[in-house]
Amino acid sequence: MSNPDLVIVGSGLFGLTIADRAAREHGARVTIIESRDHIGGNAYSEVDDRTGIEVHKYGAHLFHTSNERVWKYVNDFTSFTDYVHKVYTTHQGVVYPMPINLGTINQFFSAAYSPSEARELIAEQAGEFAGKDPENLNDKGISLIGRPLYEAFIKHYTGKQWQTDPKDLPASIISRLPVRYTYDNRYFNDTYEGLPTKGYTAWLENMADHPNIEVKLSTDYFDESQELNKKNLRGNVPVVYTGPVDRYFDYELGDLKWRTIDLETEHLDVGDFQGTSVMNYADESVPFTRIIEPRHFHPERDYATDRTLIQREFSRFAERDDEPYYPINSSADRETLLQYREKAAAEPSTLFGGRLGTYQYLDMHMAIGAALSMADNKLPDLLRS
Ligand code: FAD
Ligand code: NA
């Protein structure tokens with residue numbers, strides 16, 4: 001077999017966007033290698049056998065963007081439904097709308113505050129730490145929205161996400177806690193939002209559907225028993241690598257730390273379990289952070305009405321063998337990352353991208369946007385190298 005013009009490690013949205021540009025714009029012959037047995041990275045979804053419901057295998061994925069170029073680009077591969085994301089939270093047996101808005105505030109205080117009255121109240125409650133620099137996440141939360149709302153809706157939820165008391169977390173984890181002084185509880189503020197009409201996997205497969213793009217599944221870049229491995233390719237074939245940057249260098253400068261989630265799936269003999277797609281659980285007494293009910297992502301579909309499935313989501317620190325989901329980004333991590341970045345920049349004919357390759361949380365539209373920039377600015381040179 002002759003070598004392809006470009007090897008891409010990872011078939012997530014970053015890798016697929018590079019593959020598309022290389023093949024469709026530059027006419028390059030591209031091989032994507034993917035260690036999992038399916039395409040698409042974490043955006044992958046599959047149809048549940050027992051219910052026929054589309055399930056986001058690695059956790060709920062909502063597409064949203066205000067980037068015109070990205071919106072136009074993704075619409076080349078899929079259309080989107082008019083789904084608008086909303087989130088609710090259960091606190092001490094009562095359901096409230098999120099993010100915190102005038103509806104949440106009035107329900108919580110059993111009141112009928114106007115926008116300016118609510119603003120005044122929250123400003124007064126947030127004044128508890130006035131003039132002091134918050135030393136930890138707990139004080140920061142109180143200084144942003146006041147103790148009552150913080151303790152009800154943020155403190156324990158955040159504590160569960162981090163498996164750490166917010167008093168022991170750095171204030172820098174949150175820079176702001178949005179409070180809306182209207183009844184608008186749309187979760188995202190972006191211009192465009194929706195879910196891929198025929199599902200995520202159809203979208204991701206369309207991106208790779210080109211005679212110049214070959215996808216090799218269940219193929220690991222570091223496995224020397226397969227031909228397209230790091231040792232063979234390094235310096236010989238242009239590579240775009242979207243796996244973990246620390247893994248690439250054999251963790252020689254240490255591991256970058258991540259959080260992961262565990263999803264516990266349950267099938268139920270009811271048509272509708274919770275009436276909405278995402279219900280957070282704000283209290284410490286409930287061990288999971290939220291319950292996803294995927295049928296509600298597609299109200300336009302003809303799903304069976306006598307059964308559903310739910311996913312309880314638990315958050316924890318990732319070990320090396322877990323799926324890395326959210327970068328912890330401590331100051332130690334950031335220092336390690338800078339060192340890995342230097343090594344990555346010096347790596348012959350390999351570009352690093354995507355959320356794992358750059359150790360960054362990237363929403364889908366950000367991963368696609370970053371890949372389009374790489375395709376504009378670096379891909380032509382890489383393909384000539
Ligand atoms: P990935 O999708 O992670 O793809 C990387 C691929 O590389 C993987 O398939 C992996 O198997 C493969 N790989 C790694 N190492 C190797 C190797 N050695 N050899 C071969 N292949 C390898 N974004 C949104 O916009 N909205 C959301 O609601 C949203 N929710 C999310 C929820 C969760 C739980 C998570 C984790 C992410 C969420 N995202 C969401 C972000 C979205 O998943 C990312 O934007 C997207 O995954 C980025 O794509 P990527 O290609 O950089 O990485
Ligand atoms: Na992805």
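Phe288 is buried, at 12% relative accessibility. Buried means under 20% relative accessible area, exposed over 50%, and partly exposed in between, with a 1.4 Å probe and protein chains only. This is a predicted model: local features need pLDDT of at least 70, side-chain atom pairs count only at pLDDT 80 or more, and totals for chains, interfaces and linings use all residues. Residues are numbered from 1 along each chain as its sequence is written, chains are lettered from A and ligands numbered from 1 in the order in which they are written, and side-chain values use heavy atoms, with hydrogens and water left out.

**Aromatic pairs**

Rings of Phe, Tyr and Trp (its six-membered ring) pair if their centres lie within 6.5 Å; planes under 30 degrees apart count as stacked, over 60 as edge-to-face and the rest as tilted. By this rule the count is 30 aromatic pairs. The table gives two of them.

| Pair | Geometry | Centre to centre | Angle between planes |
|---|---|---|---|
| Tyr187 and Phe188 | edge-to-face | 5.2 Å | 90 degrees |
| Phe288 and Phe314 | edge-to-face | 5.9 Å | 80 degrees |

Phe288 sits in the loop between strand E12 (278-281) and strand E13 (290-292), and Phe314 in strand E14 (residues 308-317), so their pair ties together parts that are 26 residues apart in sequence. Helices (H or I, at least four residues) and strands (E, at least two) are DSSP runs, numbered from the N terminus. Phe314 is partly exposed, with a relative accessible area of 22%. In the other pair, Tyr187 is partly exposed at 37%, while Phe188 is buried at 15%. One aromatic cluster is formed by Tyr221, Phe222, Tyr241, Tyr248, Phe249, Tyr340 and Phe352.

**The open sheet**

E12, E13 and E14 belong to an open sheet of seven strands, in the order E7-E6-E12-E13-E14-E11-E15, with mixed pairing. Strand E7 (94-98) and strand E15 (326-327) stand at the edges with a single partner strand each, so one side of each has no neighbour in the sheet. Two strands pair if DSSP finds at least two bridges between them. E13 and E14 pair in the antiparallel sense over three bridges. Ile291 stands opposite Arg312 in E14.

**Around strand E1**

Strand E1 covers residues 6-9. Leu6 and Ile8 point one way, Val7 and Val9 the other, and all are buried. E1 runs parallel to strand E2 (residues 30-33), joined by four bridges. Leu6 has Val30 as its bridge partner in E2. Three bridges join E1 to strand E10 (residues 239-241), also in parallel. There, Ile8 has Val240 as its bridge partner. E1, helix H1 (residues 13-25) and E2 make a right-handed β-α-β unit. Right-handed means that, with the strands pointing away from the viewer, the path from the first strand over the helix to the second runs clockwise.

**Cores and domains**

A nonpolar core is a set of buried Ala, Val, Leu, Ile, Met, Phe, Trp, Tyr and Cys residues joined through side-chain atoms within 4.5 Å. The largest has 94 residues, and Phe63 and Trp203 touch the most other members. H1 gives the largest share, seven residues. Domain 1 (6-82 + 193-255 + 327-383) and domain 2 (95-173) both contribute residues, so this core lies between them. A second, separate core of seven residues includes Leu268, Tyr281, Phe288 and Ile291.

Domain bounds come from an automatic or database domain assignment. The centres of domain 1 and domain 2, taken over C-alpha atoms, are 37 Å apart.
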